[in-house]
Number of protein chains: 2
Amino acid sequence: MTPTSEPVLDSYKRAAIIGGGVIGISWAGLFLARGIDVVINDPRPDIEDLVLAGLEEITPALAELGLPTENLTAGLSFEADLGKAVADVDIVQENGPERLELKQQIWQTVEQHAPAHALLATSTSSIPASAVAVALEQPERLVVGHPFNPPHLVPLVEIVPGEKTSEATVEQARAFYAALGKKPQVLRKEVPGFVANRLQSAIFRECVHLVAEGVVTEQELDDIVTSSIGMRWAVAGPFRTFHLGGGPGGLPHFIEHLGSAMEANMWPILGNPTFDEATVAKLVEQANEAFGNGTVEELAAERDRAQIALMRALGSTPDASTTRA
Amino acid sequence: MTPTSEPVLDSYKRAAIIGGGVIGISWAGLFLARGIDVVINDPRPDIEDLVLAGLEEITPALAELGLPTENLTAGLSFEADLGKAVADVDIVQENGPERLELKQQIWQTVEQHAPAHALLATSTSSIPASAVAVALEQPERLVVGHPFNPPHLVPLVEIVPGEKTSEATVEQARAFYAALGKKPQVLRKEVPGFVANRLQSAIFRECVHLVAEGVVTEQELDDIVTSSIGMRWAVAGPFRTFHLGGGPGGLPHFIEHLGSAMEANMWPILGNPTFDEATVAKLVEQANEAFGNGTVEELAAERDRAQIALMRALGSTPDASTTRA
């Protein structure tokens with residue numbers, strides 16, 4: 001069992017991670033566990049300590065996912081000069097602040113110094129590749145590779161091509177993330193928020209409404225979700241769920257008979273809350289009640305352990321999804 | 001290991017199931033597996049065949065959930081006369097058509113003939129207990145016990161009291177469903193669609209929008225959900241997820257820094273699709289592509305096996321959630 005037995009990964013010996021925050025550290029951990037050397041580029045003076053501490057924190061999860069973690073940091077280095085950092089890499093994964101001008105500057109430097117074969121991907125959740133690429137000489141090379149946080153754990157990576165991103169770049173990104181053990185999904189149109197965050201925003205609007213209206217508390221709403229739709233959607237998405245809920249006629253029957261009722265009776269009455277002072281106060285108070293029994297780190301570690309148990313049960317851990325020698 | 005080792009269930013020897021459709025059969029199977037005799041009331045002439053076939057179909061899932069299924073139908077009987085059907089039972093679970101007048105008629109008969117101690121619950125997903133209860137002499141006895149389909153498998157039961165439902169009835173319902181191994185959740189207000197279906201409607205609206213706009217196909221959207229938010233929400237609900245995504249400051253920090261951005265940038269751009277001819281045609285065509293490789297029954301059985309594996313991994317099967325002798 002070696003981390004580079006996935007043939008596609010033979011072409012990825014070295015990665016540049018731009019921005020060593022939570023997302024960058026998570027990518028770095030996953031790349032290192034897959035046998036890819038990582039150079040971190042981040043201007044902060046204490047970046048080495050931050051990254052080492054972060055990697056230590058996620059190492060147990062990487063191990064539970066079935067990835068090798070011995071000598072994880074052997075291939076790790078730091079380079080504060082961006083041009084030098086990307087000079088000899090096979091992939092650049094950028095996780096900088098969500099500011100368009102800054103990203104344009106970063107990518108202008110990267111395209112000048114990165115090798116011609118390198119995959120160029122930004123983790124952005126909100127800035128389209130098209131907008132960054134207007135500042136580039138090789139806009140065809142840049143693609144969004146948006147992970148669902150944290151990248152080392154949650155399988156989804158949304159690949160969102162900009163207007164000028166080439167097919168070859170999209171395919172390169174898809175093959176790379178798949179070889180890492182992720183579940184890449186290429187979007188067919190560049191829309192704000194991409195897909196997962198739009199869906200998350202849609203449900204959260206109604207969550208906030210129901211709590212603000214006093215129908216349920218945050219804890220009660222979370223319990224409702226985990227014991228029904230969450231559990232369902234871990235196994236089958238919304239369309240498949242309604243296909244299976246429509247009887248022998250499946251989704252077509254469901255839409256014909258219940259779709260119009262949903263459109264007429266449910267969609268118009270869904271809530272339109274605002275984060276006004278009273279709503280925020282209520283949400284904060286209930287969050288303290290519901291989640292006050294541990295630090296965020298402790299609760300996250302607990303959640304991640306359950307997450308990995310679930311992924312193992314469904315055969316969707318990275319070690320199950322790639323060929324190992 | 002006996003099915004009635006949960007003390008609360010000692011008081012439930014016999015149940016009336018009104019309406020032997022998919023929901024009624026699922027409740028019947030769960031009740032029988034828990035050692036509760038079941039009498040089915042349904043006017044259809046072929047109801048016995050329908051129920052026996054339905055029970056046979058769900059028996060493997062009951063067994064996989066860790067419930068005893070030997071001689072499952074030993075305690076099963078049928079009674080077409082509603083008054084007689086409920087005359088000697090400890091619980092009435094009604095799953096009739098979603099028509100207010102019909103439900104009022106049914107419950108008028110039930111309250112006249114059911115024993116005074118019996119729990120009276122309706123599985124309705126859309127008719128508030130308050131509306132049914134205006135026709136009753138004992139409105140305090142009726143409560144909504146709305147399962148997420150199918151009841152024998154998905155843990156959630158939404159308990160929704162009407163304006164006149166007594167505290168005692170609510171507590172009786174909560175204790176009964178919990179003893180069955182379900183995850184009952186009492187709502188604090190009677191709102192249309194209750195909670196789970198409102199959340200489902202909210203996300204489905206955006207799902208339909210994204211497919212109608214050609215951002216993703218149904219299959220791609222489902223894959224995005226199962227590999228990100230679905231998997232997350234099986235383990236931690238939306239509020240906990242954002243609490244853990246907000247850094248050390250948790251949900252309060254998230255709301256302060258990202259909540260207003262979500263309100264300003266995401267909520268206004270979420271879609272408002274309609275089920276017009278073109279949208280329905282697209283949804284039906286993609287459903288045939290995505291789900292045409294098996295009958296609904298086959299695909300549902302496959303989904304349910306994955307569902308049970310997930311529940312086992314999370315320790316949320318009924319046999320794990322109740323004390324067994």
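## Backbone angles in the loops

Pro150(A) sits in the loop that links strand S6 (142-147) and strand S7 (156-161) of chain A. This is a predicted model. The peptide bond from Asn149(A) to Pro150(A) is cis, with omega near -10 degrees. In chain B, Pro150(B) lies in the loop between strand S6 (142-147) and strand S7 (156-161). Asn149(B) and Pro150(B) are also joined by a cis peptide bond, and omega is about -5 degrees.

Now turn to phi. Most residues other than glycine have a negative phi, and most peptide bonds are trans. Asn71(A) has a positive phi, near 50 degrees, though it is not glycine. Asn71(A) lies in the loop between helix H2 (47-64) and strand S3 (76-78) of chain A. Is Asn71(A) buried or exposed? Asn71(A) counts as exposed because it has 9 C-beta neighbours inside 10 Å. In chain B, Asn71(B) is in the loop between helix H2 (47-64) and strand S3 (76-78). Asn71(B) is exposed, with 9 other C-beta atoms within 10 Å.

| Feature | Angle |
|---|---|
| Peptide bond Asn149(A) to Pro150(A), cis | omega near -10 degrees |
| Peptide bond Asn149(B) to Pro150(B), cis | omega about -5 degrees |
| Asn71(A), positive value | phi near 50 degrees |
| Asn71(B), positive value | phi near 50 degrees |

## Helix H12 of chain A

Helix H12 of chain A has 15 residues, 277-291. At 1.5 Å a residue, they should span 21 Å. The end C-alpha atoms are 21 Å apart, which agrees.

Which residues of H12(A) are buried? They are Leu283(A), Ala287(A), Ala290(A) and Phe291(A). These cover an arc of only 75 degrees around the axis, so they are on the same side of H12(A). An α-helix has 3.6 residues a turn, so residues three or four places apart point the same way. On the other side of H12(A), Glu277(A), Ala278(A), Ala281(A) and Glu289(A) are exposed.

What do the buried residues of H12(A) pack against? In chain A, the partners are helix H7 (196-212), helix H8 (218-226) and helix H13 (296-313).

In H8(A), 8 of the 9 residues are buried, so H8(A) is largely enclosed by the rest of the structure. Among them are Leu221(A), Ile224(A) and Val225(A).

H8 of chain B packs with H10 of chain A. The angle is about 110 degrees, and the axes are 7 Å apart. H10(A) and H8(B) are therefore roughly perpendicular to each other. Pro238(A), Phe239(A) and Arg240(A) make the contact from H10(A), and Glu218(B), Leu221(B), Asp222(B) and Val225(B) from H8(B).

Overall, 88 residues of chain B are in contact with 88 residues of chain A. Several elements of chain B give two or more residues to the side that touches chain A, including strand S8 (183-186), helix H9 (229-233) and helix H12 (277-291). The largest share of that side, 12 residues, comes from H7(B).

## The nonpolar core

In soluble globular proteins, nonpolar side chains tend to be buried together. The largest nonpolar core here has 194 residues. Which of them touch the most other members? Val92(A) and Val92(B) do. Leaving out residues up to four places away in sequence, Val92(A) touches Ala16(A), Ile18(A), Val86(A), Val110(A), Ala114(A), Ala118(A), Leu120(A) and Ala121(A).

Key:
Residues are numbered from 1 along each chain as its sequence is written. Chains are lettered from A and ligands numbered from 1 in the order in which they are written. This is a predicted model: local features need pLDDT of at least 70, side-chain atom pairs count only at pLDDT 80 or more; totals for chains, interfaces and linings use all residues. Helices (H or I, at least four residues) and strands (E, at least two) are DSSP runs, numbered from the N terminus. The expected span of a helix is 1.5 Å times one less than its number of residues. A residue is buried if 20 or more other C-beta atoms lie within 10 Å of its own, exposed if 12 or fewer, and partly exposed in between; C-beta atoms are placed from the backbone. The arc is that of the directions from the helix axis to the C-beta atoms. Two residues are in contact if their C-beta atoms, placed from the backbone, lie within 7 Å. A nonpolar core is a set of buried Ala, Val, Leu, Ile, Met, Phe, Trp, Tyr and Cys residues joined through C-beta atoms within 7 Å. Axes are lines fitted to C-alpha atoms, for helices over the stretch in contact, and angles run from 0 to 180 degrees between N-to-C directions. Angles under 35 degrees count as roughly parallel, over 145 as roughly antiparallel, 65 to 115 as roughly perpendicular and the rest as oblique.
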